[in-house]
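The sequence and the structure are displayed first.

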Amino acid sequence: KEAEEVQAKYHTTVRCAVTEYSGVSKKGHAPYNPRKKNQDALIMADDPATNTLILCVLDGHGEHGDGVSAVFRDALAAGVLDHLS
């Protein structure tokens, strides 16, 4: 009985098992292009209203990879969170 009460209290006070997160990205190796940009984009979005955590790396490729990954970064999380509410 006591264990059940402890578990119930835990579930009402702890919103998510993930308490910390971080992200890092590094440009790919391109010896033929020393000025190559990092084309990746990161999404780290937390929505307490829906108890949702979105962690995503968008791996850009090609001539416009940075622009494409940035467009998705700016729209994807908002679209998912809007759909959940």
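## Conventions

Contact here means heavy atoms within 4.5 Å. With neighbours within four places in sequence left aside, Q39 is in contact with L58, G60, H61, G62, E63, G65, D66 and S69.

The model is predicted, so local features need pLDDT of at least 70 and side-chain atom pairs count only at pLDDT 80 or more, whereas totals for chains, interfaces and linings use all residues. Residues are numbered from 1 along each chain as its sequence is written, and side-chain values use heavy atoms, with hydrogens and water left out.

## Overall architecture

The chain has 2 helices and 2 strands, which follow the order α-β-β-α from the N terminus on. These elements are DSSP runs numbered from the N terminus: helices are H or I with at least four residues, and strands are E with at least two. Helix α1 covers 2–13, strand β1 covers 41–47, strand β2 covers residues 52–58, and helix α2 covers residues 65–84.

Of the contacts between residues at least 6 apart in sequence, 44% join residues at least 24 apart. The chain exposes about 6900 Å², and carbon and sulfur atoms supply 56% of this area. Accessible areas come from the Shrake-Rupley method with a 1.4 Å probe; for residues, only the protein chains shown count as cover.

## Buried residues and the nonpolar core

Of the 85 residues, 18% count as buried. Buried means under 20% relative accessible area, exposed means over 50%, and partly exposed lies in between (1.4 Å probe, protein chains only). The largest nonpolar core has 7 residues: A41, I43, A45, I54, L58, A77 and L81. Strands β1 and β2 and helix α2 each give two or more residues to this core, and β1 gives the most, with 3 residues. A nonpolar core is a set of buried Ala, Val, Leu, Ile, Met, Phe, Trp, Tyr and Cys residues joined through side-chain atoms within 4.5 Å.

Residues up to four places away in sequence not being counted, I54 touches I43, M44, A45, A77, V80 and L81. Q39, in the loop between α1 and β1, counts as buried because its relative accessible area is 10%.

L53 belongs to strand β2 and counts as partly exposed because its relative accessibility is 25%. Leaving aside neighbours within four places in sequence, L53 contacts V18, Y21, A45 and D46. V18 is 35 residues from L53 along the chain, and their C-alpha atoms are separated by 8.7 Å.

D47, in strand β1, is buried because its relative accessible area is 17%. The side chains of D47 and T50 form a polar contact of 2.7 Å. A polar contact is a pair of N or O atoms within 3.5 Å; within protein, one must be able to donate a hydrogen and the other to accept it, and residues adjacent in sequence count only if both atoms are side-chain atoms.

N51 is placed in the loop between β1 and β2 and is partly exposed because its relative accessibility is 42%. The phi of N51 is near 55°, a positive value in a residue other than glycine. Most residues other than glycine have a negative phi.

## Salt bridges

There are 2 salt bridges in the structure, each defined as a side-chain nitrogen of Lys or Arg within 4 Å of a carboxyl oxygen of Asp or Glu. One joins K37 to D66, with the closest N and O atoms 2.6 Å apart. This pair links distant parts of the chain, with K37 in the loop between α1 and β1 and D66 in helix α2, 29 residues apart. K37 is exposed at 51% relative accessibility, whereas D66 is partly exposed at 26%.

R73 and D74 form a salt bridge with an N to O distance of 3.0 Å. R73 is partly exposed at 35% relative accessibility, and D74 is exposed at 54%.

## Nonpolar surface patch

V68, V71, F72, L76, V80 and L84 make a nonpolar surface patch of about 510 Å². Patches consist of residues with over 30% relative accessible area and no salt bridge: like charges are joined within 9 Å, and nonpolar side chains (Val, Leu, Ile, Met, Phe, Trp, Tyr) within 5 Å. F72 lies in helix α2 and is partly exposed because its relative accessible area is 46%.
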